[in-house]
Amino acid sequence: MDLAFSPEDRAFRDEVRDFIATHLPADIRRKIQAGDHLVKDDYARWQRILFERGWVASGWPKELGGTGWGPIQRHIFYEEIAYGWAPRLLPFGLHMVAPVIIEFGNDAQRARYLPKIASGEEFWCQGYSEPGAGSDLASLSTRAERQGDTYLINGTKTWITAAQWADWIFVLARTDPNAKKQEGISFILVDMKTPGVTVRPIETIDGGKEINEVHLENVVVPVANLVGKENEGWTCAKFLLEHERTGTAGIAGCRQQLETLHELIAHESIDDPRLDERIAQVEIELEALAFTELRTLAAESAGKRPGPESSILKIKGTEIQQALSELALDALGPYAESHLAPKYFNYRKTSIYAGSNEIQKNIIAKRILKL
Amino acid sequence: MDFTLSPEQLLIKDSVARFAAGDHAGTEKWPQFAELGWLAIGAPDELGGFGGPIETLLLMEQFGRGLVRSPYVAQVVLAGQILRAAERTELLERLVEGTERFAVAYEEPQARYDPAAVKTTAVREGEAFVLTGTKVRVLDASTANTLIVSARTGDEISLFAIPANAPNITREPYASEDGYDVANLRLDGVRVDAAQLIGPLGDGLALLDRALDHATAALCAEGLGLMSLMLEATVEYTKQRQQFGVPIGSFQALQHRMAEMFIEVELARSVAYMAAMTLDEKADDPVARRRGVSAAKVQMAKSGRFVGQNAIQLHGGIGMSEEYKVGHYFKRMTMVERLLGDGQYHVARYIASRGAAVTAAPDRDPVGASGSRAS
């Protein structure tokens, strides 16, 4: 048993840290430090820089442009991204649709989509949830009717982050209305410029406009845009959800939040032992979770697939993120209405997205405890 | 980074698990422990010692799972680590052989867990010291031949090894709620000579502080064992118990509670390992050691309380019954939560040691990383 990172891993961390320090544009770093919203160009510029360094496609096979990192290196990279105040890489292309295309797509699809996902030339968004299908995703009602070599798609997708910037959307749609719930669904790629696709922003309680509703009205899509087999899209959907859950703990981000909180307390000369104690409690839980993540990573490095244990990281990670945004609000007391309240409001989303925390508890109960 | 156990570690785990699963109630198992080598964990090589905090964790986790009532933490980990750091090899050898047994008397009525809050005095009279004062909650004192007592020598604190039957010592033994052997101790002018000093004069607090961290980590491992068994028993029970014509484990309210218990057990597992590894890898850094171990105890206390209370709740009436095992695990967990400092005490200790670490370079080391980054 050995907890230390290997010398190679440490050297890799230094390399990433130095690269971020020297290559991250200063205006982007300032925005992140200030907690400002980023625009598309910020994400695109940063992705381009990392792309040129060969550092975007973690988790992809090396021959398709992947970084060739193991789980530990991937972990180190994302930690340093957070510690260095760099933007996260938007996951919808790189870490959601790309793994599905790699796993279930054909060669033509891999050649068409992957290079532009890696370079950031094309942005993606996720067409999963619907007004009537949230946690019960398989009850989705968007239809894709086969008409010769095309699908005719009708339906509404919602809660879509970054749809306003996206060039493509991957959509779960029902291709066999008579099949059982999970069985008649297909995974289809839709060009956002196709006639009949409209994006409507949804303003969130924090004033943000990063999520959207996407209407698909008589949208005609070539059958070549189907990934995997028709009516077997649920397999892709589940595969993607498991990918999505890993890394949702956001531990490095929480450490940044903590540091900001300590700075705030020092700056405002807040002297409140009760607050100190509440912060310490969250900090300790964060350490416990960070160690839990390392245990998961070590298991993954030893060849174990990420399993339902990742639900722990999702639940506790988001609870801690929320607790920290709450503590920042409480720390500032009467001045908290400033920029901290929107963050607190915004962070309520974390326990809802990527499979609500209640759904995660169902997963633990069923798949781990076998209840 | 590697969390797999070595073949030797697996062997310890399995042999302790076999013992813990068997009939270990009532009778004194010390000679057996000595024979199995368990008293030598953490001792130096020349005494036949082996392993360290990880091996202690493996043993204590299984003791927890089997609800083994044993003076191991107090007499082997706490006393042993004091003797080891003080380089009292001749005493440690007898401890490892099982021929002499040590209890550590450090806590006082006003101390609330703090080993620095010492009023007991050791006044020098020529070559000797005379000790006067009161010690409380001395763990496993009845079976000890020798008491290691902390006392004030001027501004500082020193440790003394005193035969348990020395004149002017009164032991008042009692059983704690979980049936453990505890005693209060009165020292009315107990005379010791300078050779009975453990470690250099005035080094008592540092010795105690370090050894208490080792013992606290061991308790965290026991807590992990207790909690994991309570969770398993609860899941099993809710699959069997039928109400409204179905197993109660099919109800979502109960499933979510058990999922939460599962998460707490996993966090507890993480901090138990974190504490052991901190002792292993940060042996020369008392600030990191205190921070890591106190963090572990805070989490353990919180998780243990949640798992214990809900294990009783989900069992319903049977959980309240003295005949059923879960209540006994809960009682032991409640004691473990408090022994050597409760959550309140350790959160304060964590905060204090965090402040001291601000100047430490942020190495982003897995152990205690967020603490060292805090400002």
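Modeller: Start with burial: a residue is buried if 20 or more other C-beta atoms lie within 10 Å of its own, exposed if 12 or fewer, and partly exposed in between, with C-beta atoms placed from the backbone. Of the 371 residues of chain A, 41% count as buried. This is a predicted model, in which local features need pLDDT of at least 70 and side-chain atom pairs count only at pLDDT 80 or more, while totals for chains, interfaces and linings use all residues. Residues are numbered from 1 along each chain as its sequence is written, and chains are lettered from A and ligands numbered from 1 in the order in which they are written.

Biologist: What are the secondary structure and the radius of gyration of chain A?

Modeller: Helices (H or I, at least four residues) and strands (E, at least two) are DSSP runs, numbered from the N terminus. Chain A has 12 helices and eight strands. The radius of gyration is taken over C-alpha atoms, and the globule rule is 2.2 Å times the number of residues to the power 0.38. For chain A the radius is 21 Å, close to the 21 Å that the rule gives for 371 residues, so the chain is as compact as a globular protein of that length. Along the principal axes, its C-alpha atoms fill a box of roughly 70 × 50 × 45 Å.

Biologist: Where is the kink in α5(A)?

Modeller: The bend at a residue is the angle between axes fitted to the seven residues ending there and the seven starting there. In α5(A), a kink of about 35° lies at V97(A), shortly before the proline P99(A). The expected span of a helix is 1.5 Å times one less than its number of residues. The 14 residues of α5 (residues 91–104) of chain A should span 20 Å, and the end C-alpha atoms are 18 Å apart, which agrees. Since 10 of those 14 residues are buried, α5(A) is largely enclosed by the rest of the structure. V97(A) and P99(A) are both among the buried residues.

Biologist: How should I read a positive phi?

Modeller: Most residues other than glycine have a negative phi, and most peptide bonds are trans. W85(A) has a positive phi near 55°, and W159(A) has one of about 60°. W85(A) lies in the loop between α4 (71–83) and α5 of chain A, whereas W159(A) is found in strand β3 (residues 150–161) of chain A.

Biologist: Are W85(A) and W159(A) buried or partly exposed?

Modeller: W85(A) has 17 C-beta neighbours inside 10 Å, so it counts as partly exposed. W159(A) has 20, so it counts as buried.
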